[in-house]
Amino acid sequence: MKNKYLKILLPLVALILLVGVYSLVNGEKDEIKLSFPSNPTTGYDWTYYVDNEGIIEIDEEYKSTCKEGMVGCGGTKEFEIEGVKRGEVTLTFKYKRNWEETEYDKVAIYKLKVNSLKNVEIISKSGNYFE
């Protein structure tokens, strides 16, 4: 009777372990999504700078809160950050008018870590944006 249960149970346990290992190796990566209030109609825009290229990839998108027919209203600038390879990076966001000589109006600085599974983690954040 024991043998019968072992013949059923052992393959089931092996399958569960294989699925778990496959998920760890090929599973979904943790991405970070950051969003900042923005109003490009004023000339201000969020730009970013990365100190260590090749560690992360960034996709950005502006989402307006304007209703149809409205102009001049703000919205949100969204950044999706994905890990490419293991390492640490400092990601600096600046809110400014690119043609003005001032360095920035607001700044948000993130220290990020990407692990071997390409998951992105925020280690620290600083800058006047958070004040």
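## Disulfide

The structure holds one disulfide, a term for a pair of cysteine sulfur atoms within 2.5 Å. This bond joins C66 to C73, with an S to S distance of 1.7 Å. C66 is partly exposed at 25% relative accessibility, whereas C73 is buried, with a relative accessible area of 18%. Here, buried means under 20% relative accessible area, exposed means over 50%, and partly exposed lies in between (1.4 Å probe, protein chains only).

## Basis of the model

This is a predicted model, in which local features need pLDDT of at least 70 and side-chain atom pairs count only at pLDDT 80 or more, while totals for chains, interfaces and linings use all residues. Residues are numbered from 1 along each chain as its sequence is written, and side-chain values use heavy atoms, with hydrogens and water left out.

## Four-stranded sheet

An open sheet of four strands has the order β2-β5-β6-β7, with antiparallel pairing. β2 and β7 stand at the edges with a single partner strand each, so one side of each has no neighbour in the sheet. From one strand to the next, the twist averages 25 degrees. Such angles run from 0 to 180 degrees between N-to-C directions, with axes as lines fitted to C-alpha atoms (for helices, over the stretch in contact).

Strands are DSSP runs of E with at least two residues, and helices are runs of H or I with at least four; both are numbered from the N terminus. Two strands pair if DSSP finds at least two bridges between them. Seven bridges join β2 to the antiparallel strand β5 (residues 87-97). W46 has Y95 as its bridge partner in β5.

## Three-stranded sheet

Three strands form an open sheet in the order β1-β4-β3, and the pairing is antiparallel. The edges are taken by β1 (32-38) and β3 (56-64), each with a single partner strand, so one side of each is left without a neighbour in the sheet. On average, neighbouring strands of this sheet are turned by 20 degrees against each other, direction ignored.

β1 and β4 pair in the antiparallel sense over seven bridges. L34 stands opposite F79 in β4.

## Aromatic pairs

A pair of aromatic rings is described by the distance of the centres and the angle of the planes. Rings of Phe, Tyr and Trp (its six-membered ring) pair if their centres lie within 6.5 Å; planes under 30 degrees apart count as stacked, over 60 as edge-to-face and the rest as tilted. By this rule the count comes to 13 aromatic pairs. Y48 and F79 form an edge-to-face pair, 5.9 Å centre to centre, with 85 degrees between the planes. This pair links distant parts of the chain, since Y48 lies in strand β2 (residues 44-50) and F79 in strand β4 (residues 75-83), 31 residues apart. Y48 is partly exposed at 28% relative accessibility, whereas F79 is buried with a relative accessible area of 1%.

Y129 and F130 also form an edge-to-face pair, 5.3 Å centre to centre, with 80 degrees between the planes. Y129 counts as partly exposed at 24% relative accessibility, and F130 is partly exposed with a relative accessible area of 31%. Ring pairs link F36, Y44, W46, Y48, F79, F93, Y95, Y110, Y129 and F130 into a cluster.

## Backbone at K118

K118 has a positive phi of about 70 degrees, although K118 is not a glycine. K118 is placed in the loop between β6 (106-114) and β7 (120-126). With a relative accessible area of 34%, K118 is partly exposed.
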